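Trainee: Could you show me how to read the inside of a protein model?
Mentor: Gladly! Let's look at it together.

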Amino acid sequence: MEDISIHSEQYLKMTVEIEGIPEPKVQFYKDGKEVKQSERVKIVKEGEKHSLVMEKSSLVDTGTFIYQTCSKNDHRNLDFKYSGKL
């Protein structure tokens with residue numbers, strides 16, 4: 001698990017690179033719940049790179065994030081632990 005620690009209100013981007021045929025399904029989870037896009041949280045795909053982006057992180061974002069990918073032949077998880085600071 002990779003620990004990420006930044007100050008509140010800072011830009012946060014977690015990126016993973018994945019490839020596969022057929023293209024794998026990619027999802028991000030925070031504390032066991034799927035992350036949905038919002039005005040503040042974006043899920044971006046650029047080629048084989050998938051990113052979870054927060055323009056201004058906040059203390060409510062503190063938690064464990066899991067990137068999960070599933071395809072016909074593979075299933076992977078990658079964990080990030082984010083700790084916000086004032």
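We will go through the core, an aromatic pair and one serine.

Mentor: Keep in mind that this model is predicted.

Trainee: Which residues make up the largest nonpolar core?
Mentor: A nonpolar core is a set of buried residues joined through side-chain atoms. Here the largest one has 11 residues in all, including Leu12, Met14, Val16, Phe28 and Tyr67. Two or more residues come from each of strand 2 (12-17), strand 6 (49-54) and strand 7 (63-70). Strand 2 gives the most, with 3 residues.

Trainee: How many aromatic pairs does a search of the whole structure find?
Mentor: The search finds 1. To name the geometry, we look at the angle between the ring planes: under 30 degrees is stacked, over 60 is edge-to-face, and the rest are tilted. The planes of Phe28 and Tyr67 are at 55°, so this pair is tilted, with ring centres 5.8 Å apart. Phe28 sits in strand 3 and Tyr67 in strand 7, so the pair links parts of the chain 39 residues apart.

Trainee: Why does Tyr67 count as buried?
Mentor: Buried means under 20% relative accessible area. Tyr67 counts as buried because its relative accessibility is 5%. Phe28 is buried too, at 2%.

Trainee: Is Ser51 buried or exposed?
Mentor: Ser51 is buried, with a relative accessible area of 2%. This serine lies in strand 6.

Trainee: What does the side chain of Ser51 make a polar contact with?
Mentor: Its partner is the side chain of Thr15, at 2.7 Å. Leaving out residues up to four places away in sequence, Ser51 also touches others, among them Met14, Phe28 and Ile43.

Methods: Residues are numbered from 1 along each chain as its sequence is written. This is a predicted model: local features need pLDDT of at least 70, side-chain atom pairs count only at pLDDT 80 or more; totals for chains, interfaces and linings use all residues. Side-chain values use heavy atoms; hydrogens and water are left out. A nonpolar core is a set of buried Ala, Val, Leu, Ile, Met, Phe, Trp, Tyr and Cys residues joined through side-chain atoms within 4.5 Å. Buried means under 20% relative accessible area, exposed over 50%, partly exposed in between (1.4 Å probe, protein chains only). Helices (H or I, at least four residues) and strands (E, at least two) are DSSP runs, numbered from the N terminus. A polar contact is a pair of N or O atoms within 3.5 Å; within protein, one must be able to donate a hydrogen and the other to accept it, and residues adjacent in sequence count only if both atoms are side-chain atoms. Contact means heavy atoms within 4.5 Å. Rings of Phe, Tyr and Trp (its six-membered ring) pair if their centres lie within 6.5 Å; planes under 30 degrees apart count as stacked, over 60 as edge-to-face and the rest as tilted.
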